[in-house]
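Let's take a walk through this protein, charged pairs and strands included. Have the structure open and follow along.

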Amino acid sequence: SAIYPHRRRSIPTVALNPRRPPPSRARPIPARLRLAREKTMQHPRGVAGLTPGGVSVWTRDAIVRLPPDEYRAISALIDEAGARSARAQGLPAPITSTVRPSALPKKTGTRRQSDDEHLRSPTPPLIHPHAPQDRLLEDQRLYLACSDATRPRGGPSVLVGILKVGPKRLFVAKPSGGMEEMEPCCVLDFYVHESSQRGGWGSLLFDTFLRREDRHPARLAYDRPSPKLVAFMAKHHNLRAFVKQNNNFVVFDEYWSEEVRNFGVARARNG
Ligand code: ACO
């Protein structure tokens, strides 16, 4: 059903390939590939902090502090969701992924740090200043919605959707004319697994974010909203009108309306 994306309708049968090496010699499939083969975003391992049937919020620091096996599980899930989100939006590359060792500074002349080594270090690693755009930044929050099949202790972890938010400095054309420089909180990436869309998960993610951070939907900027997000904002928040911007962000006309003007005035400059 829409609420349980982890349930597969049928188990596919695979014809035996006589040239396939015997199981004992076959190399184990890495967890990342195993996940990609699944039709849903799930990982066999549990991650303490994920909320079964609900939403949890994550920062870069919270993720890098996880024990190595939980870090690998949550990374695989977030990267899979990021890749699927990009595909759903027709983007050439993901705009959400987690913190990976390749994004960490490497010491010259020393052996490359392994995944687990930097996670065991007592101080959290720094992110390379030129890390690609899709990595979770220090000032961003990632909301994760999990199916109620998720078991944070023993596993599995079943991810249903993601919402990435954070501040961005923007020059925005106003409906009354002229430009304004501002740094609003932005909706940067928003995705619900295809099997669960139109089932209320998007609203659960978005409302959890609004409530937790005390935000007004009209006092946010939306990065390249897709037609589905435009429909979502119209339906759930009655937000429709906006001035087309050169930077592809959408700021709804209500941003400047008297009614919501004073809502989070401080945050409009510090997202
Ligand atoms: N076609 C048109 N509108 C849609 C569709 C669709 N296929 N799917 C959802 N919506 C809108 C509609 O308004 C719908 O209401 P309706 O069913 O009465 O028409 C409403 O969303 C449903 O609300 P929820 O069930 O709470 O939202 P959902 O769980 O579907 O999540 C989301 C919304 C995140 C936009 C989801 O549809 C999705 O992941 N879409 C694909 C990826 C995407 O486009 N993400 C937004 C990118 S832009 C950005 O990230 C800034």
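Start with Arg-224 and its sequence neighbour Asp-223: the two form a salt bridge, with 3.4 Å between the closest N and O atoms. Keep in mind that you're looking at a predicted model. The two partners sit in rather unlike surroundings. Arg-224 is partly exposed, at a relative accessible area of 39%, while Asp-223 comes out at 14%, and because the cut-off for buried is under 20%, Asp-223 counts as buried.

What hides Asp-223? Look at strand E8 (residues 220-223), which is covered on both faces. Leu-220 and Tyr-222 are buried on one side, and Ala-221 and Asp-223 are buried on the other.

Now for the strands that E8 pairs with. Strand E7 (residues 185-192) runs parallel to E8, and three bridges connect them. To get from E7 to E8 the chain passes through helix H5 (residues 201-213), making a β-α-β crossover that is right-handed. E8 also pairs with strand E9 (residues 249-250), this time antiparallel and over two bridges.

How many salt bridges does a search of the whole structure find? The count is nine. One of them joins Asp-69 to Arg-45, with the closest N and O atoms 3.0 Å apart. This pair links distant parts of the chain, 24 residues apart: Asp-69 belongs to helix H3 (residues 68-89), and Arg-45 to the loop between strand E1 (41-43) and strand E2 (55-58). Both ends are partly exposed, Asp-69 with a relative accessible area of 29% and Arg-45 with 38%.

Another salt bridge brings together the side chains of Arg-169 and Glu-181, at 2.6 Å from N to O. Arg-169 lies in the loop between strand E4 (157-167) and strand E5 (170-173), whereas Glu-181 is in strand E6 (residues 179-182), so this contact ties together parts that are twelve residues apart in sequence. Arg-169 has a relative accessible area of 53%, and because exposed means over 50%, Arg-169 gets that label. Glu-181, at 43%, is partly exposed.

So that's the tour: a buried strand E8 with both faces covered, parallel to E7 and antiparallel to E9, plus salt bridges such as Asp-69 with Arg-45 and Arg-169 with Glu-181.

Terms used. Residues are numbered from 1 along each chain as its sequence is written. This is a predicted model: local features need pLDDT of at least 70, side-chain atom pairs count only at pLDDT 80 or more; totals for chains, interfaces and linings use all residues. Side-chain values use heavy atoms; hydrogens and water are left out. A salt bridge is a side-chain nitrogen of Lys or Arg within 4 Å of a carboxyl oxygen of Asp or Glu. Helices (H or I, at least four residues) and strands (E, at least two) are DSSP runs, numbered from the N terminus. Buried means under 20% relative accessible area, exposed over 50%, partly exposed in between (1.4 Å probe, protein chains only). Two strands pair if DSSP finds at least two bridges between them. A crossover is right-handed if, with the strands pointing away from the viewer, the path from the first strand over the helix to the second runs clockwise.
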